Amino acid sequence: MAVARWAPARNNNNNAWILNNNGYFNNNNFNNNNRAVAVANLMLCILLECVMVKLEDLVTVYYKARASKRRSRDSVRFEVNFKAVLLHLWKSINDRTFAAHSNYAFVVRTPKPREIFATAMETRIIHHYLDWRLRPIYESVLSGRSFNNRKGKGLHAAIRTYAKDIRELSCGYTKDAWCIHLDLKGYFPNADVEIALAQQLDLIERYYEGEDKDDLKYMMTVCMRADPARHCDIFVSKSNWDCIAPEKSLFNKPVGTGGAIGFLCWQNAMGLYINEVTKWLQSFDFLRVVVFVDDIYIATNDKAKTLALMPELRCRLARLNVCLNESKFYCQHYSKGIMCLGTMLKFDRMYVSNKTVKNSVKRFSSLNIEKPLRVSLPKMLASINSTLGIFAHKTMRKTVYALCGIVEKRVGRFLERNPENNSFLIREQFKINRLRRAA
């Protein structure tokens with residue numbers, strides 16, 4: 001880096017030294033056209049080259065963080081002056097003054113009531129920055145049998161893998177095999193913050209080699225210890241929490257207990273939380289395991305040996321302050337049908353649960369065509385195709401045809417069906433661009 005030569009100049013209102021952009025010192029000739037900048041600004045430019053977290057990286061992550069959230073109130077507020085806010089965020093990270101206290105909480109009721117925490121865009125950017133840096137490490141360290149919050153895996157991949165495991169262990173359904181389901185009781189609400197944080201810091205220390213290693217540790221510590229239950233706003237009625245069991249709410253947990261559902265850093269952390277336990281189960285050749293968040297599915301061709309592992313499994317989980325929900329434990333023969341993540345597996349057939357079918361029928365039967373088309377039709381189409389996508393790879397052709405019939409009856413005037421994949425498209429005359437041109 002070139003070294004600047006300094007000399008005193010006339011004081012201005014900011015009482016700052018002055019240096020000309022052309023490399024010459026200010027001669028106090030107020031009639032010249034040379035631009036002079038405060039030394040503080042020059043020092044800021046030098047600092048930009050020295051710090052580990054780069055401003056351009058935060059800008060890159062900002063565009064990732066706002067994806068699918070750009071029309072939200074918080075995203076719009078941030079975008080109005082995002083350059084200045086990003087600069088302030090960048091300074092707070094490097095000055096170690098960042099605080100993740102701008103959060104809010106709400107409750108979702110489908111598919112079942114859950115307490116969700118969200119955070120302001122500033123903290124959301126930090127969450128995505130951590131994920132951006134650590135995602136390759138997560139993928140290399142996590143067990144191949146863990147399917148939540150990972151690209152290329154997910155819910156449907158977990159179901160297909162479990163069905164394949166059953167078929168292989170039963171030798172094409174010709175031999176005995178058993179299926180075991182284990183549910184982790186209060187997985188997120190009962191998580192130990194310090195244990196989860198120690199795992200993340202150890203991951204960064206052992207595997208991350210970037211120049212911003214210390215910054216990652218700092219940001220991870222702040223985000224994991226944010227304690228959103230005591231630093232959040234609630235914009236909905238507190239009666240919404242009546243459907244949440246008290247032991248499943250972070251508002252009833254002591255400081256240092258509970259992971260926030262909705263925080264990307266916690267979604268990643270809980271995927272890693274029982275990773276060593278998952279790998280331990282993988283080491284036995286007489287069973288196969290599939291883990292999706294707090295659900296553990298085991299397929300085995302030796303029932304006695306697998307059940308003998310349960311005491312050791314409970315001990316390993318107890319070291320992480322995790323316990324099994326004994327009321328949801330079951331072990332049965334594959335021929336009786338296995339419920340896996342909302343899908344019934346029976347030999348080579350897959351069926352969506354009856355609850356999902358009933359909810360889909362109810363949703364399609366209540367489609368409303370009276371709302372303004374420009375607003376409701378695209379959202380309605382996305383909801384319809386998303387619901388039909390659940391049935392795409394299941395053995396339920398008649399159910400799909402029945403659901404498509406309901407859609408055609410309710411909104412067939414505006415949507416047309418694609419018979420190749422049983423999805424719907426907006427008819428040409430009702431597309432938004434055409435409507436805008438007509439207007």
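Me: Two strands pair if DSSP finds at least two bridges between them, so how do you know that strand β3 and strand β4 pair?

Reply: β3 (residues 103–108) and β4 (residues 114–119) are joined over six bridges in the antiparallel sense, and the definition asks for at least two, so the two strands count as a pair. This is a predicted model, in which local features need pLDDT of at least 70 and side-chain atom pairs count only at pLDDT 80 or more, whereas totals for chains, interfaces and linings use all residues. Residues are numbered from 1 along each chain as its sequence is written, and side-chain values use heavy atoms, with hydrogens and water left out. Strands (E, at least two residues) and helices (H or I, at least four) are DSSP runs, numbered from the N terminus.

Me: Which residues of β3 lie on its covered face, and which on its uncovered one?

Reply: Asn103, Ala105 and Val107 make up the covered face, and Tyr104, Phe106 and Val108 the uncovered one. In a regular strand the side chains alternate between the two faces of the sheet.

Me: Why are β10 and β12 said to stand at the edges of their sheet?

Reply: The order of this open, antiparallel sheet of three strands is β10-β11-β12. β10 (338–340) and β12 each have a single partner strand, so one side of each is left without a neighbour in the sheet. The twist here averages 30 degrees from one strand to the next. Three bridges join β10 to β11, and Cys340 has Thr343 as its bridge partner in β11.

Me: How do you know that the length of helix α13 agrees with its number of residues?

Reply: The expected span of a helix is 1.5 Å times one less than its number of residues; for the 12 residues of α13 (residues 354–365) this should be 16 Å, and the end C-alpha atoms are 16 Å apart, so the two agree. The buried residues of α13 (under 20% relative accessible area) are Val357, Ser360 and Phe364. Seen down the axis, these buried residues fall within an arc of 65 degrees, so they line one face of the helix. On the other side, Asn354, Lys355, Lys358 and Lys362 are exposed, a word that calls for over 50%, with partly exposed in between.

Me: Why is Tyr129 called buried, and what makes Trp132 partly exposed?

Reply: Tyr129 counts as buried because its relative accessibility is 0%, whereas Trp132 is partly exposed because its relative accessible area is 30%.

Me: What makes the rings of Tyr173 and Phe347 an edge-to-face pair?

Reply: Rings of Phe, Tyr and Trp (its six-membered ring) pair if their centres lie within 6.5 Å, and planes under 30 degrees apart count as stacked, over 60 as edge-to-face and the rest as tilted. Since the centres of Tyr173 and Phe347 are 5.4 Å apart and their planes stand at 70 degrees, the pair is edge-to-face. The pair links distant parts of the chain, 174 residues apart, with Tyr173 in the loop between α6 and β5 and Phe347 in the loop between β11 and β12. Tyr173 is buried because its relative accessibility is 16%, but Phe347, at 33%, is partly exposed.

Me: How do you know that Arg96 sits over the ring of Tyr218?

Reply: A charge sits over a ring if NZ of Lys or CZ of Arg is within 6 Å of the ring centre and within 35 degrees of the ring normal. Arg96 lies over the face of Tyr218, at 4.7 Å from the ring centre, and Lys153 lies over the face of Phe147, at 4.8 Å.

Notes
Buried means under 20% relative accessible area, exposed over 50%, partly exposed in between (1.4 Å probe, protein chains only). The arc is that of the directions from the helix axis to the C-beta atoms. Axes are lines fitted to C-alpha atoms, for helices over the stretch in contact, and angles run from 0 to 180 degrees between N-to-C directions.
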